[in-house]
Amino acid sequence: MATTEWNRRHILSLEDFTLAEYDIILRTAASFREVLTRRTRKVPTLQGRLITNMFFEPSTRTRSSFELAAKRLSADVLNFAPGTSSLTKGETILDTAKTYLAMGTDMMVVRHKQAGVPQAIAREMERLGTHVGVLNAGDGLHAHPSQALLDLFTICQYFDPDSPRTELLKGKKIAIVGDIVHSRVARSNLWSLMASGAEVHLAAPPTLIPKQFLEAFRSNSGSLSIHWQIEPALDNADIVMTLRLQKERMGEHLLPSLREYHQGFGITRDRLALCQSHVRIMHPGPVNRGVELSSEVMDDERISLVQAQVTSGLAVRMALLYLMGGGKGP
Amino acid sequence: MATTEWNRRHILSLEDFTLAEYDIILRTAASFREVLTRRTRKVPTLQGRLITNMFFEPSTRTRSSFELAAKRLSADVLNFAPGTSSLTKGETILDTAKTYLAMGTDMMVVRHKQAGVPQAIAREMERLGTHVGVLNAGDGLHAHPSQALLDLFTICQYFDPDSPRTELLKGKKIAIVGDIVHSRVARSNLWSLMASGAEVHLAAPPTLIPKQFLEAFRSNSGSLSIHWQIEPALDNADIVMTLRLQKERMGEHLLPSLREYHQGFGITRDRLALCQSHVRIMHPGPVNRGVELSSEVMDDERISLVQAQVTSGLAVRMALLYLMGGGKGP
Amino acid sequence: MATTEWNRRHILSLEDFTLAEYDIILRTAASFREVLTRRTRKVPTLQGRLITNMFFEPSTRTRSSFELAAKRLSADVLNFAPGTSSLTKGETILDTAKTYLAMGTDMMVVRHKQAGVPQAIAREMERLGTHVGVLNAGDGLHAHPSQALLDLFTICQYFDPDSPRTELLKGKKIAIVGDIVHSRVARSNLWSLMASGAEVHLAAPPTLIPKQFLEAFRSNSGSLSIHWQIEPALDNADIVMTLRLQKERMGEHLLPSLREYHQGFGITRDRLALCQSHVRIMHPGPVNRGVELSSEVMDDERISLVQAQVTSGLAVRMALLYLMGGGKGP
């Protein structure tokens, strides 16, 4: 394998990632995954460096994952809490970012309900001539690259625990089921899965997956199909990725009821029979039990990768912070 | 002293604790109490281990104590914040626990306003074949074992600073005054005090201490009496433990007024004259001044153990995390 | 320079600070400023010591600065969160402080919307015979010494990066513009700037700067003038310090509108032409863009010291915690 170097300071979207970059991340995450099995699950890599979690949109789960990844790398962490912050006092987001820059922040992990905020912060850091790296931890409906990368790692590790790599996805059928149009997770996954050569099948009610959605992803090496019913997507699938359904969608009249959604698109044991026998189920969490997945499926630890995704998340985020911080792939 | 080993992974209730177990905790806490007097009050015992504080019911004081205990043992700590969490998004408590398990949590410290939640999490951790230990930091009206253990340590250390041990309590008269029926602290204290052979006297208005309350605690080695007036409980008492009065009780018509409660059951200097001259006053905090205790009594550092309880709390919680984490008693 | 030793346990107000003390702080901060430029920006100075941030009045920015300063010195940090605290349960502030004392706190950083709270806590710590130091991180309208000290450091470092010292301020004209009467930052700055021999010119609408305000500061070595228009204050100024305008002032009928305030007292490029050509602009943050400063001025990194103030804040707070913790000046 060629010793490709990592040259990316920010991780904002997967749109222009190369296969080589995905593979560096997978290899690096695999080595951190091994660190996490030791009794002392800590490395001194980022000792004395400062990582600021700027979660303008709150998220305990993702923030905990990044905070722990930073601590496992021995970095110091500041958590920006929007509730009691200067933002309520009229400060702009870029001013907030510059304040944390002036405190000596090396990397910023940014989540915001508006698309483009992490990119704007990254541009400002470049304009100021800093070396600060920005990681997009979710911006509006746009992107959530670390979630897609942990999903990629989870799938590749499932197919080859010792050597997760993108080529394992070539020709695999991967179903993505649920609220595609409102999902930054789905968007980011599409870039990585199709770049890896997977056959991606999207399934959702027509209101949650417009036809024109496909255009953006045309040029990739994998294939992409859209279904308004779940069965053709599950048929012979190797992996089924489910998406979280936001209850707000009901208020917007995009969905009749949670019950009807589950009847049409929920993953049940019966429906799993359509897939390959080795199929595994994924979900970015938190799961609405009885909506996206039946409790029976979710609690079947033989077929659910939901917990594995959380563990992968830690290893992948350690890898991303490590690479952004100047580390070279293993 | 026999070298008894510690074999308990979870600390959920004191109901089935043995005297030997109490004594291991007291000895271990005493050794950590000594560590806390050093200039560098830190030991590397739990380096690289992860402790997650899951306080579904918020509590700055108890959470700070556990967080600091973990840090003094060099563990990493994640604080789960219910306000901004996935729980508001419909995730179940067990799913939340499994998420933190998948992040590599070694021990969970759980507080919930509903009785039984820490036990349910512990059962799930066992069912999954994990080695994660669960510590009940307060569940509904049921139990608050670490508070009772720090109270035990505080009392024993008062009677013998060099060698706190359960036998010091044999035949001691201990009054517990206040809202017994709604107090998980009182329930947990009853197990440890009576197992140690103390003579426990409960005092409260009839609405806050039903007669049938006694049944559960019949089989223990100490003795238990109930009084609807405070004087017989204080008479010749060695220790007076007061309980926090929740102001909500008034709304439930269980109490006439805070003022009347204080007249009937508040600890004042006059009432202390009924006790032994060496009597000491305890309270789990935070104190409602002028309700459970007069300010005069509370601020008299010669007779109040309230601050000592907080310091004991840190030493005892270090001991519990240490023992749960596989350490053997000193 | 005489080797003066540091003998102050608490930092509550700058009212009685000596020039020698200011200079120790400046030298110590300069040495920490250098530490912060290293790759590993951490020193083991306060390893195992405990610093508790007691921010009864919330503040992400100042709390982050103190938290990071403590971590850079390798101290452990507890953050007291007023929202979920025992205070809502009726505990007094002194009881809260004593609880954190009993947990082993070495230093308390206290912010409260009421003047005098940090002083009361410091008195209680003295009365109890403890060695705990208290740092006032802002009390009501009274004082905010660490902000004034970081402002002092920022100005002195601007005039001599290698050797910041108070004598650099002798005869310098410093304008302070804005809501003087409601500003604890202005009050604290007046003590340090005038003690250093600066010529301080205050400018504000009459409602925000009463004449009698001057009385308290009469005895200092610098000079103090008041202006109800901005031009004489800016005329030939070396430094312009702007103050944050609280929007609440409008409700109190002390100000017509933000727009009129900006027309009368906002710093614009035109107005800067009145000052010395080397003039620099300061603001404690967060800035209301278009109110205290025009965006054009704020974003001009050649003349704004706003980011430098944040960086200075970290170095100065490290110095203060270091000195309070028993370190001697370099």
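Helices here are DSSP runs of H or I with at least four residues, numbered from the N terminus. The model is a predicted one, with local features needing pLDDT of at least 70 and side-chain atom pairs counting only at pLDDT 80 or more, while totals for chains, interfaces and linings use all residues. Residues are numbered from 1 along each chain as its sequence is written, and chains are lettered from A and ligands numbered from 1 in the order in which they are written.

Back to the helix pair: α3 (residues 93–102) and α4 (residues 117–127) of chain B have axes 10 Å apart and pack at about 50 degrees, the axes being lines fitted to C-alpha atoms over the stretch in contact, with angles running from 0 to 180 degrees between N-to-C directions. The two helices are therefore oblique to each other (under 35 degrees is roughly parallel, over 145 roughly antiparallel, 65 to 115 roughly perpendicular, and the rest oblique). On the α3(B) side, the contact is made by I93(B), L94(B), A97(B) and L101(B), and α4(B) brings V117(B), A120(B), I121(B), E124(B) and M125(B); contact means C-beta atoms, placed from the backbone, within 7 Å. These residues split into eight nonpolar, no polar and one charged, where Ala, Val, Leu, Ile, Met, Phe, Trp, Tyr, Cys and Pro count as nonpolar, Asp, Glu, Lys and Arg as charged, and the others, Gly among them, as polar.

Over in chain C, the axes of α5 (residues 145–159) and α12 (residues 306–324) come within 8 Å and cross at roughly 115 degrees. This crossing of α5(C) and α12(C) is right-handed. Residues of α5(C) in the contact include L149(C) and F153(C), which meet a set in α12(C) that includes V316(C) and L320(C). By class, the contact has seven nonpolar, six polar and two charged residues.

Between chains, 22 residues of chain A are in contact with 19 of chain B. Helices α2 (60–72) and α12 (306–324) of chain A each supply at least two residues to that side, and α2(A) gives the most, with seven. The contact of chains B and C takes 22 residues from chain B and 19 from chain C. For the side of chain B that touches chain C, α2(B) gives the most, again seven residues.

Notes. Contact = placed C-beta atoms within 7 Å. Left-handed = near helix turned anticlockwise from the far one by under 90°.
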